[in-house]
Amino acid sequence: MSEMQFFTDGELYERQMGRWSRLAGAIFLDWLAVPNGLRWLDVGCGNGAFTETLIARCAPAAVHAVDPSQAQVAYAASRRRANNAQFGVGDSMALPYSNGSFDVAVMALVISFVSDPARAVSEMVRVVRPGGWVAAYMWDIPGGGLPLAPLRKAVVAAGLPAPATLPGAE
């Protein structure tokens with residue numbers, strides 16, 4: 001499995017990371033604690049796992065979600081619990097929206113994969129109304145904070161070889 005396939009194959013991403021994306025997303029949304037009924041932009045929506053969580057927890061007035069992968073966008077748009085979101089192909093560094101179009105712009109588990117994070121955040125700020133929310137979160141990769149890190153640590157502590165790939169990657 002190549003990194004490119006991981007970021008373009010919605011079903012593969014779902015098997016490996018979907019549940020973790022939803023769990024981390026729920027914690028992030030609880031922390032963000034914005035009111036219901038807002039207009040949201042999900043930047044780098046991938047296969048829509050976080051978008052579903054956002055819809056379920058935040059009762060948004062509207063959700064737009066963009067990702068550079070047409071295949072991921074197609075998978076996200078097929079999600080039953082994300083059927084009121086508008087998905088499209090888009091570049092985080094050149095968002096296809098007017099200034100102040102949204103109340104909230106978020107980037108879930110994406111910012112470290114963007115070639116120019118500062119530019120992407122600037123774009124998010126541009127499309128959010130004054131006084132709105134712009135936020136991103138990412139795994140603590142340098143600190144060993146990937147979802148399966150505790151499992152890998154336990155396997156190694158038991159004297160077993162740690163798997164080279166995540167479960168479901170085969």
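**Fold and nonpolar cores of the chain**

Among contacts in the chain with a separation of 6 or more, 64% are between residues 24 or more positions apart, a contact being heavy atoms within 4.5 Å. The model is a predicted one, where local features need pLDDT of at least 70, side-chain atom pairs count only at pLDDT 80 or more, and totals for chains, interfaces and linings use all residues. Residue numbers start from 1 along each chain as its sequence is written, and side-chain values use heavy atoms, with hydrogens and water left out.

The chain has six helices and five strands, taken as DSSP runs numbered from the N terminus (helices: H or I, at least four residues; strands: E, at least two). Read from the N terminus, the order is α-α-β-α-β-α-β-β-α-β-α.

Of the 170 residues, 44% are buried, that is, under 20% relative accessible area with a 1.4 Å probe, protein chains only. The largest nonpolar core holds 27 residues, with F28, L32, W40, F50, F87 and V106 touching the most other members. Such a core is a set of buried Ala, Val, Leu, Ile, Met, Phe, Trp, Tyr and Cys residues joined through side-chain atoms within 4.5 Å. Two or more residues each come from α2 (10-32), α3 (49-58), β2 (62-67), α4 (70-77), β3 (85-89), β4 (102-108) and β5 (128-137). The top contributor is α2, with five residues.

As for F50, leaving aside residues up to four places away in sequence, its contacts are G25, F28, L29, D42, V106, A108 and Y137. Another core, of 15 residues, lies apart from the largest one and includes L41, M93, F102 and M124.

Technical notes
Buried < 20%, exposed > 50% of the residue type's maximum accessible area, 1.4 Å probe, protein only.
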